[in-house]
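Thanks for coming, everyone. I have one structure to take you through today. Let me put it on the screen.

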Amino acid sequence: MSDEETVRLVRAAQRGDTLAMASLLDQLTPYVGRICGPIALEQGPDAAQEALVAVFRALRTLKEPAALHGWVRAIAVREAVRLAKRAARAVPADLSTLPARGDLQLAADIRDVLDRLSPEHRAVLVLRDVEGLDERAAAELLGIRVGTVKSRLHRARDTFRKAWTS
């Protein structure tokens with residue numbers, strides 16, 4: 001969907017057009033799921049649902065419709081981290097029982113390694129390595145300092161690398 005079409009849909013949805021809201025929901029659901037899943041893990045679907053509810057409740061407050069995806073990303077990350085923390089996923093995990101590298105179930109292996117990271121570390125990995133944001137943008141989204149993003153990213157990548165190669 002083009003940026004112009006997205007702006008038109010946002011403006012229509014802000015005016016209460018239910019068809020525009022449904023179209024936006026169809027457009028945003030997979031995007032929010034891709035953000036929430038790797039951060040909130042088992043709570044990913046719930047985080048995505050909570051994020052979408054928050055998006056549509058606050059849609060009228062969005063001043064710049066062209067900024068929709070960045071605004072939605074911020075909400076999705078916040079909800080994913082919140083639900084992951086609530087589920088006590090921040091407890092450090094034992095990294096000694098990881099599957100061998102090269103296993104045929106690579107996606108499951110990656111998921112297993114991500115399971116062992118804290119929600120904060122998963123969030124910076126997703127924002128930097130999946131979403132492609134720079135440190136400043138990730139820091140702004142997470143409400144932390146750039147230095148904190150850099151140190152979390154370093155620790156997350158180091159932990160992931162050690163777990164993956166063990």
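**Where α3 meets α4**

Let me start at a helix pair. From α3, Asp46, Ala47, Glu50, Ala51, Ala54, Val55 and Ala58 meet Trp71, Val72, Ile75, Ala76, Arg78, Glu79, Ala80, Arg82 and Leu83 of α4. Contact here means heavy atoms within 4.5 Å. By class, this contact has 11 nonpolar, no polar and 5 charged residues. Nonpolar covers Ala, Val, Leu, Ile, Met, Phe, Trp, Tyr, Cys and Pro; charged covers Asp, Glu, Lys and Arg; the others, Gly among them, are polar.

A word on provenance. This is a predicted model: local features need pLDDT of at least 70, side-chain atom pairs count only at pLDDT 80 or more, and totals for chains, interfaces and linings use all residues. Residues are numbered from 1 along each chain as its sequence is written, and side-chain values use heavy atoms, with hydrogens and water left out.

Now the geometry. Helix α3 spans residues 44–58 and helix α4 spans residues 68–86; their axes come within 8 Å and cross at roughly 135°. The axes are lines fitted to C-alpha atoms, for helices over the stretch in contact, with angles from 0 to 180 degrees between N-to-C directions. α3 and α4 are therefore oblique to each other. On this scale, under 35 degrees is roughly parallel, over 145 roughly antiparallel, 65 to 115 roughly perpendicular, and the rest oblique. The crossing of α3 and α4 is right-handed, meaning that the near helix is turned clockwise from the far one by less than a right angle.

**The whole chain**

Step back. The protein chain has 8 helices and 0 strands. Those are DSSP runs, numbered from the N terminus: helices are H or I with at least four residues, strands E with at least two. Of the 166 residues, 40% count as buried. Buried is under 20% relative accessible area, exposed is over 50%, and partly exposed is in between, with a 1.4 Å probe and protein chains only.

Residues 24 or more positions apart account for 67% of them. The chain exposes about 9,300 Å², and carbon and sulfur atoms supply 52% of that. The areas come from the Shrake-Rupley method with a 1.4 Å probe; for residues, only the protein chains shown count as cover.

First, Leu24, in helix α2, residues 18–40. Is Leu24 buried or exposed? Its relative accessibility is 0%, so Leu24 counts as buried. Beyond its neighbours within four places in sequence, Leu24 contacts Leu9, Val10, Ala13, Phe56, Leu59 and Leu68. Leu9 sits 15 residues away along the chain, with 6.8 Å between the C-alpha atoms.

Next, Thr6, in helix α1, residues 3–14. Thr6 is buried, at 5%. Setting aside neighbours within four places, Thr6 touches Met1, Gln27, Leu68 and His69.

Now helix α6, residues 119–130: 9 of its 12 residues are buried. Among them are Glu120, His121 and Val124. After α6 comes Gly132, with a positive phi near 75°.

Finally, Arg152, in helix α8, residues 146–165. At 22% relative accessibility, Arg152 counts as partly exposed. Arg152 and Val124 lie 28 residues apart in sequence, and 7.0 Å apart from C-alpha to C-alpha.
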